[in-house]
Amino acid sequence: MNASEYERVKTDFLSGRIKGCNSFFEDNGCLLEAGYCCLMLDKLDKAQKHFLALNGRDDRAEWALFLLCMIQDSVKTGPTYFQIRNFLEIDLNLLMLYCKGEYIEKIIKYSDFMAYYNPESYKFIGRVFWANDFMPAAKLFLRKAKDKFYQDPELHYLLAYIAYYEDKDINQCKKALSACLDMLPEYAPANKLLKLINNNTVQN
């Protein structure tokens with residue numbers, strides 16, 4: 001397999017240009033990548049077959065099988081802490097890219113279940129919604145995350161961002177920024193947003 005060709009096809013797939021990717025991965029024995037292509041093409045049985053062929057040898061394939069179980073409402077075992085940390089956010093963003101809203105809805109139904117294995121699950125889900133501009137859903141999960149990890153400055157910044165840009169609530173935004181900067185005074189995004197608020201206040 002030509003390495004540069006593999007990287008080109010992989011880049012295409014990760015950019016939402018799936019045409020031809022599945023056949024390339026299958027022809028070259030890239031079962032994990034082929035499995036993810038099949039998932040995005042709604043060929044769940046074929047995706048499962050590819051992932052099962054790697055089961056026990058590839059941690060990402062084991063996670064992908066759990067992902068399929070959530071999508072198909074057939075969860076019997078739990079994921080590992082590191083599988084959630086390493087793959088949940090990446091895969092939710094990929095599903096967002098391919099407009100798989102139905103799959104995402106089924107996955108987030110298991111948010112409490114995943115949080116049992118990794119309490120940061122709420123943060124990972126919230127951050128995906130935030131990055132894709134689904135702010136009400138982002139706020140829901142980021143608040144859940146804050147209840148688990150109040151001392152995480154990023155959570156307070158993300159909630160401040162939503163308060164400012166989505167809710168137009170300056171007081172709540174300042175409160176969240178204050179909590180963030182009390183923990184990490186040099187947190188650049190928070191300082192930038194606070195400067196923007198102060199400049200707007202002076203101009204008004």
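From the N terminus on, the elements run α-α-α-α-α-α-α-α-α-α-α-α-α. The secondary structure thus comprises 13 helices and 0 strands, where helices (H or I, at least four residues) and strands (E, at least two) are DSSP runs, numbered from the N terminus.

The model is predicted: local features need pLDDT of at least 70 and side-chain atom pairs count only at pLDDT 80 or more, while totals for chains, interfaces and linings use all residues. Residues are numbered from 1 along each chain as its sequence is written, and side-chain values use heavy atoms, with hydrogens and water left out.

The C-alpha trace spans about 60 × 35 × 30 Å along its principal axes. Of the 204 residues, 46% count as buried, that is, under 20% relative accessible area with a 1.4 Å probe, protein chains only.

Contacts (heavy atoms within 4.5 Å) come next. Among those with a separation of 6 or more, 51% are accounted for by residues 24 or more positions apart.

Which residues have the most contacts inside the largest nonpolar core? They are Phe13, Phe25, Tyr36, Leu39 and Trp63, in a core of 70 residues. Helix H5, residues 59–71, gives the most to this core, with 9 residues. A nonpolar core here is a set of buried Ala, Val, Leu, Ile, Met, Phe, Trp, Tyr and Cys residues joined through side-chain atoms within 4.5 Å.

Let us take Phe25 in particular. Leaving aside residues up to four places away in sequence, Phe25 touches Tyr6, Val9, Lys10, Phe13, Cys30, Glu33, Ala34 and Cys37.

How values were computed
Buried means under 20% relative accessible area, exposed over 50%, partly exposed in between (1.4 Å probe, protein chains only).
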